[in-house]
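Please open the model in your viewer and keep the selection panel at hand. The tour moves from one selection to the next and says what is to be found at each stop.

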Amino acid sequence: GAVVSQHPSWVICKSGTSVKIECRSLDFQATTMFWYRQFPKQSLMLMATSNEGSKATYEQGVEKDKFLINHASLTLSTLTVTSAHPEDSSFYICSARVGSGGLYNEQFFGPGTRLTVL
Amino acid sequence: AQKITQTQPGMFVQEKEAVTLDCTYDTSDQSYGLFWYKQPSSGEMIFLIYQGSYDEQNATEGRYSLNFQKARKSANLVISASQLGDSAMYFCAMRERQRGANNLFFGTGTRLTVIP
C-alpha cells in the first residue's frame, strides 16, 4: 500500500509555543488529506479536511486559528498548533486519500505524532 | 446520535481461536462503506477490510471476515485463528455517499488481547 509519513513522530514543547507537524504522501499524490486527533484510549476525531491549494474545511468545534492547516502540494500538508497549551496534548494522525467521491477510495494513515505540551 | 457503535471496550481470546468484534452503525444513506482498521501500540492505523452497502457477499481478507447484516445495521469483524500479533485496538468506521463519500467516522474501538 501507499506510504504516508509524519514528522516529527513525537514532540514536547512549552506552553505558548507553536508546533508544526508535517504529513507527506511518499509515493502517491493525495487528492485530499485529513487531520485527526486521538486522546488516550479514545477514537479518532476528524479535525479538518484539506484539498491541495484550497482552504481546509474544519469540523465543528475545531478552532481554525488554533490549528492552522496548509496543503501546499499534492504530497504535503502541515498542521500548526499555535500557542499550544497542555490541553492540546494529544496524538495527531494525518491521512491521505487518492481520488474523491468514491466510497472505497482507500485512505492511508500516517504513523501519528504525539504532542506533549508542558 | 453515534454513527458507529462498538460496545466492547475490551475482548480476550485464546491464541488460535476465533473472535468476533461487534460494530453497529447508523445511517439514512442507502450507499455507504464500512471499514475495519487495526491500531497496534505503535499508533499506525492499518486497513483490514471493506464492505460496501450494496455488496451481497460478506467481505473476506485472509483471516479477517466481515459479518454484514444490513437489516440489523451491523458489521462485525471476525478474526479466525487468532495470533499474538493480533493484540491491538480495532476500529470500525463508515463513509457515507450523501456526505460526499469523504469523511470516515470511527467508532470508539475495541482492545483485543490474544492470550497465549
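Begin with C23(A) and C94(A), whose link has 75 degrees about the S-S bond and is right-handed. The two form a disulfide (a pair of cysteine sulfur atoms within 2.5 Å), with their sulfur atoms 2.0 Å apart. Colouring by strand (a DSSP run of E of at least two residues, numbered from the N terminus) places C23(A) in β3 (residues 19-25) and C94(A) in β9 (residues 90-97) of chain A, so that distant parts of the chain, 71 residues apart, are linked. Both C23(A) and C94(A) are buried, where buried means under 20% relative accessible area with a 1.4 Å probe, protein chains only.

Before going on, note that this is a predicted model, in which local features need pLDDT of at least 70, side-chain atom pairs count only at pLDDT 80 or more, and totals for chains, interfaces and linings use all residues. Residues are numbered from 1 along each chain as its sequence is written, chains are lettered from A and ligands numbered from 1 in the order in which they are written, and side-chain values use heavy atoms, with hydrogens and water left out.

Next select C23(B) and C92(B), which form a disulfide with sulfur atoms 2.0 Å apart. The torsion about their S-S bond is about -65 degrees, so this disulfide is left-handed. C23(B) lies in the loop between β3 (19-21) and β4 (24-25) of chain B, while C92(B) lies in strand β10 of chain B, so the pair ties together parts that are 69 residues apart in sequence. C23(B) and C92(B) are both buried.

Then select C13(A), which is in no disulfide, the nearest cysteine sulfur being that of C94(A), 18 Å away. C13(A) is buried, with a relative accessible area of 9%.

Finally, show both chains and select the residues in contact (heavy atoms within 4.5 Å), which number 24 from chain B and 23 from chain A. The chains bury about 1,800 Å² between them, 53% of it on carbon and sulfur atoms; buried area is the accessible area (1.4 Å probe) that two parts lose on being put together, summed over both. In chain B, highlight R95(B), N102(B) and F106(B), which lose the most area to chain A, together 25% of what that side buries.

Note on methods:
Helices (H or I, at least four residues) and strands (E, at least two) are DSSP runs, numbered from the N terminus. Buried means under 20% relative accessible area, exposed over 50%, partly exposed in between (1.4 Å probe, protein chains only).
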